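Keep the model open as you read. We will go helix by helix.

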Amino acid sequence: MNKKQISKILTKSDADTVKKMADHIKDNTEIVIVKKPQKALCMIKMREPVKESLFYIGEVIVMDAVVTVNGIAGHSVSMTLDEDKALNMAIIDGGIAAGVKDFDKELLELEKLQILEEEKKNSLFVKTMVNFNTI
């Protein structure tokens, strides 16, 4: 599982789930906070559909944090304003990089639940969709 996928799953997860995962790493390791969670601005890149060129659509507020887990760096940058969640995400990243704990099974389960929840939400909108081919 790559960092982009892990970050997406953890960002969509609730803070309690992320904290429980980080607690597994906190118990057995030495964690040093290199950069406390703080707000930052991040440019959002989009692809223009006609020419397929990249452009920046604007800025979004993110929370970023950096820690070391047993000397291995862990980073998190996510669109959340929850400092604890950002810190726990960085701890999880560092723990995975340091080989302390493998969360693949848990992350895949979380991803499946998130996909099902998103499909359920999308199914509500399908009922109101207009088919312009029949007009």
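Start with α4. Its buried residues are covered by elements that include α1 and α2. This model is predicted, so treat the geometry below as computed. Which residues of α4 are buried? They are Leu 107, Leu 110 and Gln 114.

Now turn to α2, residues 15-28. Its 14 residues should span 20 Å at 1.5 Å a residue. The end C-alpha atoms of α2 are 21 Å apart, which agrees. Look along α2 for a kink of about 25°, centred on Ala 22. Ala 22 is also one of the buried residues of α2. What lies over them? The cover includes α1 (3-12), β2 (54-69), α3 (83-98) and α4 (104-126).

Two of those covering helices, α1 and α3, also pack against each other. Their axes are 11 Å apart, at an angle of about 145°. The crossing of α1 and α3 is right-handed. Which residues meet there? From α1 come Lys 3, Ile 6, Ser 7, Leu 10 and Thr 11. From α3 come Lys 85, Met 89, Ile 92, Asp 93 and Ile 96. By class, this contact has five nonpolar, two polar and three charged residues.

Finish back at α1. This helix is among the elements covering the buried residues of α2, and among those covering the buried residues of α4.

Methods: Residues are numbered from 1 along each chain as its sequence is written. This is a predicted model: local features need pLDDT of at least 70, side-chain atom pairs count only at pLDDT 80 or more; totals for chains, interfaces and linings use all residues. Side-chain values use heavy atoms; hydrogens and water are left out. Helices (H or I, at least four residues) and strands (E, at least two) are DSSP runs, numbered from the N terminus. The expected span of a helix is 1.5 Å times one less than its number of residues. The bend at a residue is the angle between axes fitted to the seven residues ending there and the seven starting there. Buried means under 20% relative accessible area, exposed over 50%, partly exposed in between (1.4 Å probe, protein chains only). Contact means heavy atoms within 4.5 Å. Axes are lines fitted to C-alpha atoms, for helices over the stretch in contact, and angles run from 0 to 180 degrees between N-to-C directions. A crossing is left-handed if the near helix is turned anticlockwise from the far one by less than a right angle, and right-handed if clockwise. Ala, Val, Leu, Ile, Met, Phe, Trp, Tyr, Cys and Pro count as nonpolar, Asp, Glu, Lys and Arg as charged, and the others, Gly among them, as polar.
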